[in-house]
Amino acid sequence: MAKYDIIVVGGGPAGAGTALRASMLGLKTLLIERGRWPGDKNVSFDGMFKSFGEKLYPGIGDLVPKEKLIWNINNYVVAYEYCLLKRGGYVKFQALQLDEPNTPHPHQMYICLRNQWDKWFAGLAEKEGVELMNSTLVVDVLRDSAGAVKGVITDKGEKLEAPIT
């Protein structure tokens, strides 16, 4: 049975970011992705705030594949507005605003198609020591005698163990 310090399921931005950070902290890390590569099945787009990326992986701003970006947004105010559809109309509300229009240090955000971004970001995690297992579906969890999760079982019958899963 293969053993790791941490197993992360899902190679999207959150999974790859978690695996990247865990590996940088010295943990033997496995990242499991059901697609042929991270982002293989994704047709949406996503972004990363440069300020967050720099905290996660110092220097990431110089590594982002800028030729693949849809937008490289600079100097803007971060605000999230949502619309909830309801019978007969909608309700619109502002959920979060991180700064004001005259913020002295405006944000920068990279926005890219997920099928390109996820593959690149997981590749960055691999360079930092993360083991990436593609084309693998987690079908069940392994439990210890107390019922706590101690690993996963894949569609190939592999049993992978880690105290953090």
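**View 1. Glutamate 33 sits in a loop between two strands.** In this predicted model, the loop runs between strand S3 (29–32) and strand S4 (45–49). Is glutamate 33 buried or exposed? Its relative accessibility is 2%. Buried means under 20%, so glutamate 33 counts as buried.

**View 2. The side chain of glutamate 33 has polar partners.** The backbone nitrogen of glycine 35 lies 2.9 Å from a polar atom of the glutamate 33 side chain. Another partner is a side chain. Lysine 41 makes a polar contact with glutamate 33, side chain to side chain, at 2.9 Å.

**View 3. Glutamate 33 touches residues from several parts of the sequence.** Residues up to four places away in sequence are not counted here. Among those touched are the glycines Gly10, Gly11 and Gly12. Pro38 and Lys41 are also touched.

View 4. Where is serine 135 placed? It lies in the loop between strand S9 (131–133) and strand S10 (138–143). With a relative accessible area of 37%, serine 135 is partly exposed. The range for that label lies between 20% and 50%.

**View 5. Three strands form an open, parallel sheet.** The order is S2-S3-S9. Strand S2 (6–9) and S9 stand at the edges. Each has a single partner strand, so one side of each is left without a neighbour in the sheet. On average, neighbouring strands are turned by 20° against each other, direction ignored. Strands of a sheet pair through backbone hydrogen bonds.

**View 6. S3 and S9 run parallel, joined by bridges.** How many bridges join S3 to S9? There are three. Isoleucine 32 stands opposite methionine 133 in S9. Helix H1 (residues 13–24) packs on the sheet and touches S2 and S3. The direction of H1 makes about 170° with that of S3.

**View 7. The largest pocket holds about 180 Å³ of space.** Its lining has 13 residues. Which of them are closest to the centre of the pocket? They are Pro13, Gly47, Met48, Phe49 and Phe52. Several elements contribute to the lining. H1, S4, helix H2 (50–56) and helix H4 (114–127) each supply at least two residues.

Technical notes. Residues numbered from 1 in each chain as written. Predicted model: local features only at pLDDT ≥ 70, side-chain atom pairs only at ≥ 80, totals over all residues. Heavy atoms only, no water. Helix = DSSP H or I, 4+ residues; strand = E, 2+ residues; numbered from the N terminus. Buried < 20%, exposed > 50% of the residue type's maximum accessible area, 1.4 Å probe, protein only. Polar contact = N/O pair within 3.5 Å; in protein donor to acceptor, adjacent residues only side chain to side chain. Contact = heavy atoms within 4.5 Å. Pairing = 2+ DSSP bridges. Axes fitted to C-alpha atoms, helices over the stretch in contact; angles between N-to-C directions. 1 Å grid on protein atoms, 1.4 Å probe; cavity = no way out; pocket = protein on both sides within 12 Å on 5 of 7 lines; lining within 4 Å. Points joined across faces, edges and corners; volume = space filled by probe spheres on them.
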